[in-house]
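Welcome! Take a moment to look over the sequence and the model below, and then we will walk through some of the details together.

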Amino acid sequence: MNKYGKVAVVMGGTSAEREVSLMSGKGVLEALLARGVDAHAFDPATKPLDALKTEGFDRAFLILHGPFGEDGTLQGALEVMGIPYTGCGVLASALGMDKLRSKLIWQALGLPIPAFEILTESSDFTAIEQKLGLPLFVKPACEGSSIGVSKVKNTGELASAFKEAYKYDKIVIAEQFIGGGEYTAAVLGEQVLSFVKIEPATEFYDYEAKYIRDDTVYRCPAGLSAQLNEQIAGYVKQAFWALGGKGWARIDFLMDEAGKPYLLEANTAPGMTSHSLFPMAAREAGLSYEDLVLQVLNSTLE
Ligand SMILES: Nc1ncnc2c1ncn2[C@@H]1O[C@H](COP(=O)(O)OP(=O)(O)O)[C@@H](O)[C@H]1O
Ligand SMILES: [Mg+2]
């Protein structure tokens, strides 16, 4: 496995998702070591990034979530340093982090997305509740892990949901509720893997359902018809391409009660814990966790 040289598994970092990243990173590191790669943990919270150069690393496997890891800034620094890294580049990472900009791009291509409105302090909240209908979802444009996300069920609650989301980002979106099921599509290189259906026991797939409770049900394959699978895989490929995606990403989507799909968001730094969705989809495609990690690393050789 010398073709990879010395590999840094960049994990941890300073974002709110540090702990999740450390869990994912541990899995990735163990998988690379098991396949004979000269891999080492590298936590940018504990040393400056230029240690990647001084310590002689040849490439980086990025498994950081959130700001300074998933949003294009780290990718830009690595470009400048001349260190090849896994996954999406500067543009796709920055766009994927920003739900508003990814929506605008997908919308321009005619891809299906839930109706939405940008909220500001001076928005007419009553009019927006009427326009999008209740329930509706409110979320910060640039966050993750369902932080700052609320489901507004009753008239007059939109303003307080806006205030909650506004704590996390100055750009806040209100979105039409799509209630026929939640899914994710794992994109690996040119391939869209089997969808995973997510069935949270909670009101929606919130932080607790993602990381704390163990009663969220995941189904892979997701049980959609062959025709829908094909149609949605087409949307997912276009959505990934439109952001400038490379290597891997997860594109989440929702279905309405009539069986019509809507793209929800892109995640350019997929979780890689033992319970994460990407390894689940890979397994269904006959790829072990270790195969998957190696295939992602291979994208740095291109
Ligand atoms: N328009 C919507 N309709 C139905 N559920 C939604 C909608 N938007 C968000 N949700 C729920 O909220 C969760 C978090 O929202 P999401 O946009 O994925 O933000 P995050 O980046 O924090 O994961 C989703 O996984 C889903 O369960
Ligand atoms: Mg999400």
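Where is Glu-17 found? In this predicted model, Glu-17 sits in the loop between β1 (6-10) and α1. With a relative accessibility of 11%, Glu-17 counts as buried.

Ser-145 belongs to the loop between β5 and β6, and at 6% relative accessibility Ser-145 is buried. Setting aside residues up to four places away in sequence, Ser-145 touches Glu-17, Tyr-207, Lys-210 and Tyr-211. The side chains of Ser-145 and Glu-17 make a polar contact at 2.7 Å.

**Domains**

Now step back to the whole chain. The protein is divided into domain 1 (2-86), domain 2 (96-112 + 179-298) and domain 3 (116-176). The centres of domain 2 and domain 3, taken over C-alpha atoms, are separated by 23 Å. Where these two domains are in contact, 16 residues of domain 2 face 17 residues of domain 3.

The unreviewed UniProt entry also lists residues 103-298 as "domain: ATP-grasp". This span is 33% helix and 24% strand, and the C-alpha atoms at its ends lie 30 Å apart.

**Charged pairs**

Side chains of opposite charge can pair when their charged atoms come close. How many salt bridges does the structure hold? There are 17, and the table shows some of them.

| Salt bridge | N to O distance |
|---|---|
| Arg-18 and Asp-43 | 2.8 Å |
| Lys-47 and Glu-55 | 3.1 Å |
| Glu-199 and Arg-219 | 2.9 Å |

Take the pair of Arg-18 and Asp-43, whose side chains meet in a salt bridge. Arg-18 lies in helix α1 (residues 18-34) and Asp-43 in the loop between β2 (38-42) and α2 (51-54), so the pair ties together parts that are 25 residues apart in sequence. Arg-18 is partly exposed, with 25% relative accessibility, while Asp-43 is buried at 13%.

For Lys-47 and Glu-55, both ends are partly exposed: Lys-47 has a relative accessible area of 25%, and Glu-55 has a relative accessibility of 32%. Glu-199 is partly exposed at 23%, and Arg-219 is partly exposed at 42%. Elsewhere, salt bridges with shared partners join Arg-35, Glu-290 and Asp-291 into one network.

Asp-206 is found in the loop between β10 and α8 (207-212). Asp-206 is buried yet has no salt bridge, and the nearest side chain of opposite charge, that of Arg-213, is 6.4 Å away. What does the side chain of Asp-206 reach? It reaches the backbone nitrogen of Ala-209, at 3.0 Å.

**Backbone details**

Most residues other than glycine have a negative phi, and most peptide bonds are trans. A few places in this model are worth a look with that in mind.

A cis peptide bond joins Leu-134 and Pro-135, with omega about -5°. Pro-135 is in the loop between α6 (125-132) and β5 (136-140). Another cis peptide bond joins Cys-220 and Pro-221, with omega about 5°. Pro-221 is in the loop between β11 and α9 (226-243).

Phe-68 is not a glycine, but has a positive phi of about 65°. Phe-68 lies in the loop between β3 (59-62) and α3 (73-81). Ser-146 also has a positive phi, near 65°, and is found in the loop between β5 and β6 (150-152). Are these residues buried or exposed? Phe-68 is exposed, with a relative accessible area of 59%, whereas Ser-146 is buried at 15% relative accessibility.

Key. Residues numbered from 1 in each chain as written. Chains lettered and ligands numbered in written order. Predicted model: local features only at pLDDT ≥ 70, side-chain atom pairs only at ≥ 80, totals over all residues. Heavy atoms only, no water. Salt bridge = Lys/Arg side-chain N within 4 Å of Asp/Glu carboxyl O. Helix = DSSP H or I, 4+ residues; strand = E, 2+ residues; numbered from the N terminus. Buried < 20%, exposed > 50% of the residue type's maximum accessible area, 1.4 Å probe, protein only. UniProt positions renumbered as here; feature names shortened; annotations may be inferred. Lys, Arg positive; Asp, Glu negative; His and termini not counted. Polar contact = N/O pair within 3.5 Å; in protein donor to acceptor, adjacent residues only side chain to side chain. Domains from an automatic or database assignment. Contact = heavy atoms within 4.5 Å.
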